[in-house]
Amino acid sequence: MMKKPRKAELQAVTANGAGDGRVVFRTPSGWWSRDLAEAEVADAPETAAALLLEAQRDAEANLVVDPYLIEVARTDEGLVATRLREAIRAQGRPTIDVPGERVSAA
């Protein structure tokens, strides 16, 4: 039995930077940040669609790769991704060892 898709209350746009592949989030200024706290948040489907369209234009200009919408929530700690996959990506650290890069435990 298929689950019904959840209605996303808040959404942000994420992608990977074209230069280094790092996770980035689209900001209200139209630029990209590695910090989810700086992401522009859409509270309506139409707004989210407009944000994604702008992000797709950035992908066409080779600024980012594969932009898509993620569900987010506002908490006492700030903006957080609501899905485990996106929460892991939002940490900004690789989940695998990258040759030549030293990753410290947080």
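**Entry 1: a glutamate in a strand**

I started with Glu71, which sits in strand E4 (residues 64–75). Numbering runs from 1 along each chain as its sequence is written, and the model is a predicted one, where local features need pLDDT of at least 70, side-chain atom pairs count only at pLDDT 80 or more, and totals for chains, interfaces and linings use all residues. Side-chain values use heavy atoms, with hydrogens and water left out.

Is Glu71 buried or exposed? Glu71 is buried, at a relative accessible area of 16%. My cut-offs: buried is under 20% relative accessible area, exposed is over 50%, and partly exposed lies in between (1.4 Å probe, protein chains only).

I then looked for a partner and found Arg83, whose side chain makes a polar contact of 3.3 Å with the side chain of Glu71. A polar contact here is a pair of N or O atoms within 3.5 Å; within protein, one must be able to donate a hydrogen and the other to accept it, and residues adjacent in sequence count only if both atoms are side-chain atoms.

**Entry 2: the strands around E4**

Next I checked what E4 pairs with, calling two strands paired if DSSP finds at least two bridges between them. E1 and E4 run antiparallel, joined by 7 bridges. I noted one partner pair there: Asn16 with Val65 in E4. E4 also pairs with strand E5 (residues 78–81), again antiparallel, over 4 bridges. Val72 has Ala81 in E5 as its bridge partner. The link from E4 to E5 is a hairpin of 2 residues.

**Entry 3: salt bridges**

How many salt bridges does a search of the whole structure find? I got 5, taking a salt bridge as a side-chain nitrogen of Lys or Arg within 4 Å of a carboxyl oxygen of Asp or Glu.

Asp20 and Arg34 meet through their side chains at 2.3 Å, N to O. Asp20 is in the loop between strand E1 (10–17) and strand E2 (23–26), and Arg34 is in the loop between strand E3 (32–33) and helix H1 (45–60), so this pair ties together parts 14 residues apart in sequence. Asp20 is partly exposed at 44%, while Arg34 is exposed at 53%.

Asp58 bridges to Arg26, with the closest N and O atoms 3.4 Å apart. Why does this pair tie together parts that are 32 residues apart in sequence? Because Asp58 belongs to helix H1 and Arg26 to strand E2. I found Asp58 buried at 13% and Arg26 buried at 9%.

Arg89 and Glu86 form a salt bridge too, closest N and O atoms 3.1 Å apart. Both are in helix H2 (residues 84–90), 3 residues apart, which is about one turn of the helix. Arg89 is buried at 14%, and Glu86 counts as buried at 8%.

**Entry 4: the whole protein**

I finished with the totals. The protein has 2 helices and 5 strands, in the order β-β-β-α-β-β-α along the sequence. Of its 106 residues, 31% are buried. With contact meaning heavy atoms within 4.5 Å, residues 24 or more positions apart account for 51% of the contacts with a separation of 6 or more. The accessible surface comes to about 7500 Å², and 52% of that belongs to carbon and sulfur atoms; areas are from the Shrake-Rupley method with a 1.4 Å probe, and for residues only the protein chains shown count as cover.
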